[in-house]
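Hi everyone, thanks for coming. Let me bring the structure up on the screen, and then I'll walk you through a few parts of it.

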Amino acid sequence: MLKAVNLTKAYGSHTALDHLNLEIQAGEIYCLLGSNGAGKSTTINLFLGFIPATSGQAFIDGVEVSVNNQATRDMVAYIPEIVNLYPTLSGMENLEFFSGLSGFQYTKQELGRFMEIAGLQASAFHKRVSSYSKGMRQKVGIAIALVKKAKVLFLDEPTSGLDPHASNEFSQIITQLSLQGVSTLMATHDLLMAKNLGHRIGIMHQGRLKQELISNEVSHVDLTRIYIDLVKEKEVNV
Amino acid sequence: MKLAIVRVIWNLELKILSRNKVLVALFAIMLMMLLSALWIGNSMYRKQEQTIGKIQVHEAEMLDSLKTRIRRIEANHMVHPGFIWDDPTFAYNTARNEGPKFAVKQPFVLQALNVGQSDIQPFYYKVYINKKQYLTYEGEIDNSLLQFIGNFDFAFVVIYLFPLLIIVFTYNVLSSEKEQGTWVLLKTSNQSIARLIQLRVGIRYVLFTGLFWFLVIPIMVTLLGSSFLSTSNWWWTFALVSLYFGFWFVLSFLVNSFSMSSTVNAMVLIFIWLFTGILIPNLLQIGLNQAYPIPSRISQTNEERKAVNKYFEKDGQLLTKEVFSSPRTLIRQASIVTPGMVYGYGVIVYKSQEIKDAAAEVAERKLYGQIEKQQAAIQALQLLSPALMMQEELSALSGTHWFQFNAFSRDVDQFRKRTQQFYYPKMAYESTYRTFSVKDAETIPTFTPRSYHAYSWSTVPQAFLSYLALIVLLGWIGHRKLLNAQR
């Protein structure tokens, strides 16, 4: 579903992403781990077409992002660290707008159902987003992804700042979507979440994908050790 | 772009705009100002109509009085019991006293929208055979054409204040998306960002302009009646104001397309407003007055005086000799005023008036020549300032442009000449001197009032096309910029 071939992004002499090769299957959850500036967000931005690649290609369902960004956008949903919505609109109105923008028309009941699936309480549907917590905004973000029937979900530090309960709810929804065939590429610092949620984990450092792990084949302790060793080793080299 | 998307954006805009308390308050304040401006314009229009009504009554009373007095003298064997200079049977006396008629420029209904020059230029003159109408005023002559920002009227609010409201309405259409973070979600939608922003600005334009006319037209109909709706002047006004708003919306769209912050957008737009709306017209005013200075009123009067003095120093002696050598007009020797003196004085007045008028025409040609040069320069340069162009065209459509007052003034000149031609033969009729009858009183020339609202001389269609071209050009540039930003 997702494929990166020698995907590279350089800003002058600084290489933010260095020849990334990656393939993610339908329904797979792939977690990118790495410290700040490792290239996780750059990877997501390249797949979304927000920034042009310096070299290499990014494909979504076989369509090259740089060639037909309009078509690839149809297939994706993006949930950033902070989901920013129109503050003077309610969660329901925001959902209605973004679903309409994606060309989908739903009744209020159907939209309400999506909000419920995303975990938002009915009492919050019609409150203005300016009064929402970060977790509630994330849920509206998920609902937007749901109404769009996205094939691929990009998540950039989605649980950062969420309480454990909200974080757990979020993981459950992503797992559900995975079961429905939605591929997920998630950038995170949260090793535990990556271990529990992801099918595969990629560890990035200084723009390079240093190691790929299968979640089921590695314990949390091992993952932590591998991660720290990789990052430390590189920092020592630097 | 599908109609469904237009509906989605329309709903979003309605919600976002109606919930923006600052914007709603500003719009309400502007509408209050517009209402006040309409009321002021309408008051001035009504006041002029009332004045014209009083003039008509006054003229009828004067004519009645004149005829009554002539009849009384005729019935009394041509004996006038009072002062000889008041005897209306002398044409010269009537020409000075009850005879002068008013020339009136009828106010046009759309004058209520644009006071224009109507509060500076006289809309009526009492036309004398001697005094030139504009010399009955004591103030210095200015080209009021260059006083671009005039009264607090509808045109002022629309041209100078509404662009500020439009700026508040649109300065952050794109930048707010970036600043509040919704830009990211918009970019992952499957719509073109350039089209989305265009559509949002377009919808705001339709909402703004639609609401504006929706409120203004009923107010105008209430104040002015509905007759203006059937004039082409009104429909041009409607089209130009709508396009002028469109220009500011598109300009804001263009500034937005440079993807700067909301603060920078607002500053750039305010600067453009100040530069094109205030600075350029003022620079033009100073520059044109320097390039084509207007002769002073004193110089006009001096020109006349010099011409008269010159005449009396040379050829005028012949005239006085001719008039006063007559045994019937021994004015110099007489201890009382005789009919011959009145006759003779009248002849001197009209002979010298012809000389004064000829001299005044030379001075006038200088004055109007300069003003016409200024006018031509403004027409050539008005594209530098959309506000100035709008002011020019709205004045023309309201019948309050300098050009229209000038046309009125020229008609008054013609009317004055007609009046002189009516009185002069009667003043110079030597056999009895006292020739002015009731029949003459009834045939004193009168001025047919007109509103001078024709605008075929103006650049209204060119301005329409200019605004349209500007909107298309700026819109296209903005669209290109946004497409690039999207990539």
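This is a predicted model: local features need pLDDT of at least 70, side-chain atom pairs count only at pLDDT 80 or more; totals for chains, interfaces and linings use all residues.

Residues are numbered from 1 along each chain as its sequence is written, with chains lettered from A and ligands numbered from 1 in the order in which they are written.

Now, the helix itself. Helices here are DSSP runs of H or I with at least four residues, strands are runs of E with at least two, and both are numbered from the N terminus. How many residues of α1 (residues 40–48) of chain A are buried? The count is 9 of its 9, and among them are Lys40(A), Asn45(A) and Phe47(A). Buried means that 20 or more other C-beta atoms, placed from the backbone, lie within 10 Å of the residue's own.

On to where the chains meet. Chain A brings 25 residues to the contact and chain B brings 17, with contact meaning C-beta atoms, placed from the backbone, within 7 Å. On chain A, α2 (69–75), β6 (76–79) and α3 (91–101) each supply at least two residues, and α3(A) gives the largest share, 5 residues.

Finally, chain B: it has 16 helices and 2 strands, and 36% of its 487 residues are buried. Thanks, everyone!

Notes. A residue is buried if 20 or more other C-beta atoms lie within 10 Å of its own, exposed if 12 or fewer, and partly exposed in between; C-beta atoms are placed from the backbone. Two residues are in contact if their C-beta atoms, placed from the backbone, lie within 7 Å.
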